Amino acid sequence: MVLAIAAPVWLVSFDANGQVVATVIVALIALSVLVDAVRIPGSSSVVLQRIFPLTIGVGDAKEAHYEVRSSWPAALKVSITQQLPASISETDGPADVMPLTDREALVIPTTITGKVRGSFKLGPVALTIPGPWGLAKRSILYNPADTITVVPSIVGAGRYRLLA
């Protein structure tokens, strides 16, 4: 985006005056990107927690969610990217960009489905926050140590009768 803004400036830089104008404009664009980057909170101001069930059946769908809290004094827009193990699939995942107001928890629901039996470590979660002007982004990587166990499904077991 910054290059798209700066590219037409170089068209006017064919003489000495144009070069000065182009250099000043590019310096202002660079300063704007720097100011935008400084106005993005760091990892100490935003906390993400993943709340998934401890166990799930093969083929069963369960509700899970993320909680994001911010102590940053301004409203933010965030997006979540996650690397789940191949034994879990996620449907109805987080939206691309979600608003986060200061000092309120953002609850992001999702639905997960177990695919392969076993105990698996859930992967890292990245929280991406664009700057207020959209010129810069910061990604914060969280590595929670949570795991999930995929067990055989017992959903269909209720239709069978126990024999005495």
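# A tour of the chain

The chain holds 2 helices and 11 strands. The model is a predicted one. Colour the chain by secondary structure and follow it from the N terminus: the order of elements is α-α-β-β-β-β-β-β-β-β-β-β-β. Of its 164 residues, 34% count as buried. Among contacts with a separation of 6 or more, 69% join residues 24 or more positions apart.

**Stop 1: the core**

Select Val46, Val68, Ile80, Leu127 and Ile129. These belong to the largest nonpolar core, which has 27 residues, and they touch the most other members. Strands that each supply at least two residues of this core include β1 (46-51), β3 (61-70), β7 (106-114) and β9 (125-130). In general, nonpolar side chains of soluble globular proteins tend to be buried together.

Now keep valine 68 and show what surrounds it. Beyond its neighbours within four places in sequence, valine 68 is in contact with Val46, Val47, Leu48, Ile80, Leu100, Glu104, Ala105, Leu106, Ile108 and Leu127.

**Stop 2: strand β4**

Select residues 76-82, which make up β4. Of the 7 residues in this strand, 5 are buried, so β4 is mostly covered. Show the strands that pair with β4. With β6, the pairing is antiparallel over 3 bridges; leucine 76 has leucine 100 of β6 as its bridge partner. With β9, the pairing is also antiparallel, over 4 bridges; here threonine 81 is the bridge partner of alanine 126 in β9.

**Stop 3: the salt bridges**

How many salt bridges are there? The count is 2. Select aspartate 146 and arginine 50 to see one of them, with 2.8 Å from N to O. This pair links distant parts of the chain: aspartate 146 lies in the loop between β10 and β11, arginine 50 lies in strand β1, and 96 residues separate them. Both aspartate 146 and arginine 50 are buried.

Next select glutamate 67 and arginine 69, whose side chains meet in a salt bridge at 3.6 Å, N to O. Is glutamate 67 buried or exposed? Its relative accessibility is 18%, so glutamate 67 counts as buried, the limit being under 20%. Arginine 69 has a relative accessible area of 46% and is therefore partly exposed.

**Stop 4**

Select serine 71, in the loop between β3 and β4. Serine 71 is partly exposed, because its relative accessible area is 39%. Leaving out residues up to four places away in sequence, serine 71 touches Ser44, Ser45 and Arg103. Draw a distance from the C-alpha atom of serine 71 to that of valine 47: the two are separated by 8.7 Å and are 24 residues apart along the chain.

**Stop 5**

Finally, select Val20, Val24, Leu28, Leu31, Leu34, Val35, Val38 and Trp133. Together they make a nonpolar surface patch of about 760 Å². One of these residues, valine 35, is found in helix α2, which covers residues 16-38. Valine 35 has a relative accessible area of 33%, so this residue is partly exposed.

Terms used. Residues numbered from 1 in each chain as written. Predicted model: local features only at pLDDT ≥ 70, side-chain atom pairs only at ≥ 80, totals over all residues. Heavy atoms only, no water. Core = buried A, V, L, I, M, F, W, Y, C linked by side-chain atoms within 4.5 Å. Buried < 20%, exposed > 50% of the residue type's maximum accessible area, 1.4 Å probe, protein only. Contact = heavy atoms within 4.5 Å. Patch = residues over 30% accessible without salt bridge, like charges linked within 9 Å, V, L, I, M, F, W, Y side chains within 5 Å. Areas by Shrake-Rupley, 256 points an atom, 1.4 Å probe, with all protein chains shown as cover. Salt bridge = Lys/Arg side-chain N within 4 Å of Asp/Glu carboxyl O. Pairing = 2+ DSSP bridges.
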